Amino acid sequence: MKRHNEVAKLLARYLVERGFRVTSEPRLRTAGRVKVPDIVATNGESKSALVLEVAICNSTDIINSRYTDKLVKYDTVEVRECVALEASGLTAGAVEVLPVVVNFRGAISPVSRQRLRMAGLTDDELTWLEVKT
């Protein structure tokens with residue numbers, strides 16, 4: 001749990017540095033259920049939002065399945081609409097769900113790494129995230 005929280009905290013800091021407003025562990029009410037992603041980051045300037053869910057896994061073998069599990073859980077129309085509604089001024093299409101999966105050695109999954117780069121994080125920041133955790 002400590003590593004998970006360190007990764008989430010560092011990601012939140014990087015996103016704030018890029019102008020995102022970050023909310024940690026928001027409670028999203030969807031179809032009678034409450035989902036609590038690790039981070040929801042909104043950017044009023046770009047009119048976009050990111051839903052980040054961190055997962056630390058014990059084995060490199062399951063890194064892709066953990067990514068898919070998080071995507072299935074959070075990349076739903078309901079979650080996107082909930083985030084868009086709470087951010088006001090966003091459409092559900094402007095909300096991106098980004099699972100961040102890290103293995104026990106600190107390596108970020110290739111898909112997570114690529115999508116974090118697309119969100120604006122640098123290679124140096126991603127390397128620091130791996131080393132720090």
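**Exercise 1.** Is Arg115 buried or exposed?

*Solution.* The model is predicted.
Step 1: take the relative accessible area of Arg115, which is 16%.
Step 2: compare this with the cut-off, since buried means under 20%.
Step 3: Arg115 is therefore buried.

**Exercise 2.** Which residues of helix H4 are buried, and what do they pack against?

*Solution.* Step 1: find helix H4, which covers residues 110-118.
Step 1: list its buried residues, which are Ser112, Arg113, Arg115 and Leu116.
Step 2: recall the helix geometry. Residues three or four places apart point the same way, because an α-helix has 3.6 residues a turn.

**Exercise 3.** Find the residue that forms a salt bridge with Arg115, and state where each partner lies.

*Solution.* Step 1: side chains of opposite charge can pair when their charged atoms come close.
Step 1: the partner is Glu96, with the closest N and O atoms 2.8 Å apart.
Step 2: Glu96 is partly exposed, at a relative accessible area of 29%, whereas Arg115 is buried.

**Exercise 4.** How far apart are N and O in the salt bridge of Asp123 and Arg117?

*Solution.* Step 1: the N to O distance is 2.5 Å.
Step 1: Asp123 is partly exposed at 42% relative accessible area, and Arg117 is partly exposed at 38%.
Step 2: for context, the whole structure holds seven salt bridges.

How values were computed. Residues numbered from 1 in each chain as written. Predicted model: local features only at pLDDT ≥ 70, side-chain atom pairs only at ≥ 80, totals over all residues. Heavy atoms only, no water. Buried < 20%, exposed > 50% of the residue type's maximum accessible area, 1.4 Å probe, protein only. Helix = DSSP H or I, 4+ residues; strand = E, 2+ residues; numbered from the N terminus. Salt bridge = Lys/Arg side-chain N within 4 Å of Asp/Glu carboxyl O.
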